[in-house]
Amino acid sequence: MTERQTTKNKSLPTQAQVVIIGGGVIGCSVAYHLTKLGWRDVLLLERTQLTAGTTWHAAGLVVSGTFTSAVMSDMSKYTRELFQRLGEETGQDTGFRRIGYLEVASSEEWVEGFRRAADFGRYNGHVIEELSPSEIKKLWPLLKTDDLLAGFFCPDDARVNPVDATMALAKGARMGGALIFEDTRVTAIKQKRGRVTGVITDRGEIEAEYVVNCGGMWARELGKMAGVNVPLHAAEHYYLITEPIDGMHRDLPIVDDPARFAYYREEVGGLMIGLFEPVAAPWGQAGIPETFSFGEISPDWDRMMPHLERAMERIPVAETAGVHKFFCGPESFTPDLEPLMGEAPELKNYYVAAGFNSLGILLGGGAGQVMAQWIVDGLPPIDAIDVDIARMSPFQNNPKYLRDRTVELLGLTFAQGYFNLQNETARNARRSAFHERMAEAGAYFGAYAGWEYPYWFAPEGVEPKVEYTWGRQNWFEYAAAEHRAAREGVILMDYSVMGKVLVQGRDAEKVLNRICANNVAVPVGRCVYTQWLNERGRIEADLTVTRLAEDQYLILSGDATITTVQTWLKRNIPPDAHAFVTDITSAYSVLNIQGPKSRDLLSRVTSADMSNVAFPFLTTQEIDIGYALVRALRVTYVGELGWELYIPTEFSLHVFDTLVEAGKEVGLVFAGLQALDTLRLEKAYRDYGNDVDNLDTPLEVGLTRFVDFDKPGGFIGKEALLLQKQAGVKHRLVQFLLQDPEPLLYHNEIIYRDGEIVGRILAGGYGHTLGASVGLGYVENEDGVTADYIRSGDYEIMVAGVRYPAKASLRPMYDPKLKRVRS
């Protein structure tokens with residue numbers, strides 16, 4: 001009797017500690033890893049059979065060498081190591097075969113992109129070899145190499161049989177005590193007082209402390225059952241398998257040719273050609289059929305032939321080989337091409353692990369390990385900012401948005417990793433009140449949390465578009481002029497993307513002072529920069545808290561973190577506290593006026609006294625501009641004198657026009673968020689999500705001065721921070737400036753101290769005032785990182801395989817004493 005028949009005839013348990021929904025590679029991996037952490041009461045439910053959704057038709061690639069995300073790199077590396085040993089552990093072979101992975105570069109742009117990725121991959125412990133065209137030809141004789149410039153080979157990478165690998169995880173989970181029930185469909189999610197309490201199935205109800213949605217293509221529908229947004233959408237995904245070809249053998253490495261949106265590997269003596277076409281076909285818009293099991297989609301030969309023909313040019317013998325199978329099956333994709341992982345902000349103890357963007361096999365082991373630890377600890381064991389489901393906004397679960405965005409997602413999986421690469425679909429809907437004015441002024445718009453924001457401004461007569469390159473892009477000098485205007489004159493930025501949360505109630509101060517590491521028991525009108533920490537002392541949020549009244553505070557954060565901020569707030573407000581949270585993001589537009597002439601400009605449009613004495617740094621006042629009343633905060637994220645203006649939405653254009661008219665007399669310049677980033681990097685201001693994440697503590701990232709250890713009542717995470725303060729830190733965030741003005745820092749460039757690798761750049765840009773590329777990066781040392789350690793070393797930073805001397809500093813290299821900010 002098969003395992004499926006056995007469980008089909010068994011009685012379904014009426015309770016479990018954890019119910020996992022979905023029997024693909026992710027669900028089985030979560031179950032396996034929970035048992036490895038000692039949890040035995042684990043129940044996995046699969047609607048039909050294990051692997052029947054998308055796992056069964058995966059290509060089985062287990063590659064990891066050239067990820068540019070540390071999280072993805074680590075999860076894929078762990079997956080490779082797990083699948084290598086899992087067969088011996090469980091007695092179920094995974095089909096693991098180490099054959100290597102080769103990415104080929106047919107242009108200088110691809111060579112530089114791969115070199116940058118290879119630097120980072122080696123830093124993460126991967127073996128990556130750069131090959132010449134002749135070496136590529138020797139490794140893969142059937143490849144056309146006359147147009148190639150280089151290849152990047154990861155010899156440790158491998159392939160597995162996706163069904164066998166999943167069955168090995170399932171067997172390992174059962175060996176650890178987990179139960180797996182196939183032919184069991186979940187029809188509803190049970191909850192009470194904001195916490196999940198179980199599931200209802202077509203075979204009965206199950207009480208559960210935790211529920212994990214590993215539903216793959218069905219994850220969005222499973223989320224809707226619980227009131228949880230799980231934004232993903234399926235798309236057609238194709239591969240072709242030829243008849244056997246002379247010269248093909250199972251030890252040939254997997255090949256990626258991203259310029260042709262294709263990958264290649266051997267399959268039963270023939271060639272598999274996988275396609276990630278740049279214009280894809282969404283599938284399942286009306287929902288994924290419940291009966292879809294081991295299903296296929298009828299292939300669209302006419303649409304796909306041009307992509308196939310281009311892919312076959314890389315291996316010309318494929319053009320004359322017989323076709324064994326042209327397969328089309330669905331894969332699910334998320335709006336930003338990152339997985340959806342973690343606890344749902346809408347429902348306590350409801351976890352999600354879905355949306356792996358066709359990378360479920362190669363991330364499956366690592367994703368299961370991460371999720372299991374996350375569930376057990378209640379906190380993520382990784383830098384979760386890019387994968388945490390809480391990053392998503394509710395509107396991103398809109399079906400039309402998902403369908404339209406999915407069109408470009410397959411192709412973007414093979415795109416260059418440019419730091420400023422923008423989506424082109426599902427755009428131009430979430431716009432600030434100033435959008436049209438900014439467009440008329442020549443703005444090039446990027447997208448952030450769905451918001452259209454000005455990134456930079458093109459001069460009159462120049463079309464605002466990006467010409468992507470690893471070198472200086474076409475807008476470089478435009479943004480440099482905006483940067484200089486902030487340092488020398490006055491700029492106006494559309495800052496409406498800021499998330500705005502109001503906390504009100506007689507217990508607002510008490511509640512917030514427990515959540516905030518800094519002291520927010522301040523006079524009305526004071527603005528406090530602070531971090532929110534978890535019990536481990538690690539940073540959950542980085543924001544400002546401004547006291548508007550005795551019982552009212554305004555919290556300002558980036559809009560991409562607004563859901564996380566509200567969730568953390570609500571879950572840390574005691575049930576009996578008189579404190580209430582309201583998202584007021586859409587109620588106010590925001591203009592950011594910065595620069596040494598900002599006081600001059602604002603004094604021309606308001607009757608308020610904007611002097612240093614009357615309006616000091618880190619305070620707020622309500623001021624008049626034109627006919628409007630505006631909340632002005634004297635804060636800066638660029639390192640200059642300046643104010644942020646919070647404008648009731650209906651007065652937005654009136655205030656804007658008033659400022660612009662007055663600005664003609666002082667040389668007002670429009671600036672975008674590209675300038676904001678380079679300005680803040682010169683000042684070494686931190687950016688949560690880029691150079692600071694949820695694994696950092698304030699001590700490690702140079703924010704200790706914003707922690708009040710002595711305030712009455714303490715704060716969440718205080719005890720952990722005191723222990724770290726006593727023990728010392730093993731890594732610190734440091735500012736770096738290249739000594740050569742030509743190379744460009746973006747992200748993940750490797751830092752050397754006295755010839756030894758000590759860390760990586762987390763965020764970089766060009767310091768137009770400092771005269772070279774500037775970046776923030778970690779310096780790590782197991783014996784501790786002190787100020788003397790930082791000062792005593794000689795530093796280099798590797799950019800695309802070349803090391804350049806750099807200066808390191810723990811103090812901001814621009815205006816370290818805040819003289820300009822406080823002027």
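User: Hi! How do the axes of H3 and H9 cross, and at what angle?
Analyst: Hello! This is a predicted model, and in it the axes of H3 (residues 70–90) and H9 (residues 360–377) come within 7 Å and cross at roughly 100°. That makes H3 roughly perpendicular to H9.

User: Nice. Which residues in H3 meet H9?
Analyst: Met72, Met75, Ser76, Tyr78, Thr79, Leu82 and Phe83 do. Their partners in H9 include Leu362, Gly364, Gly365, Gly366 and Val370.

User: And by class, what does that contact have?
Analyst: There are 10 nonpolar and six polar residues, and no charged ones.

User: What caps the N-terminal end of H6?
Analyst: Asn161 does, with a side-chain oxygen 3.0 Å from the backbone nitrogen of Val163. Just after H6, Gly177 takes a positive phi of about 110°.

User: Last one: is Thr201 buried or exposed?
Analyst: Thr201, in strand S11 (residues 195–201), is buried, because its relative accessible area is 7% and the cut-off for buried is under 20%.

User: Which backbone atoms does the side chain of Thr201 reach?
Analyst: It reaches the backbone nitrogen of Arg203 at 2.9 Å, and a polar atom of the Thr201 side chain lies 2.8 Å from the backbone oxygen of Gly204.

Technical notes. Residues numbered from 1 in each chain as written. Predicted model: local features only at pLDDT ≥ 70, side-chain atom pairs only at ≥ 80, totals over all residues. Heavy atoms only, no water. Axes fitted to C-alpha atoms, helices over the stretch in contact; angles between N-to-C directions. Helix = DSSP H or I, 4+ residues; strand = E, 2+ residues; numbered from the N terminus. Parallel < 35°, antiparallel > 145°, perpendicular 65-115°, else oblique. Contact = heavy atoms within 4.5 Å. Nonpolar A, V, L, I, M, F, W, Y, C, P; charged D, E, K, R; others polar. Polar contact = N/O pair within 3.5 Å; in protein donor to acceptor, adjacent residues only side chain to side chain. Buried < 20%, exposed > 50% of the residue type's maximum accessible area, 1.4 Å probe, protein only.
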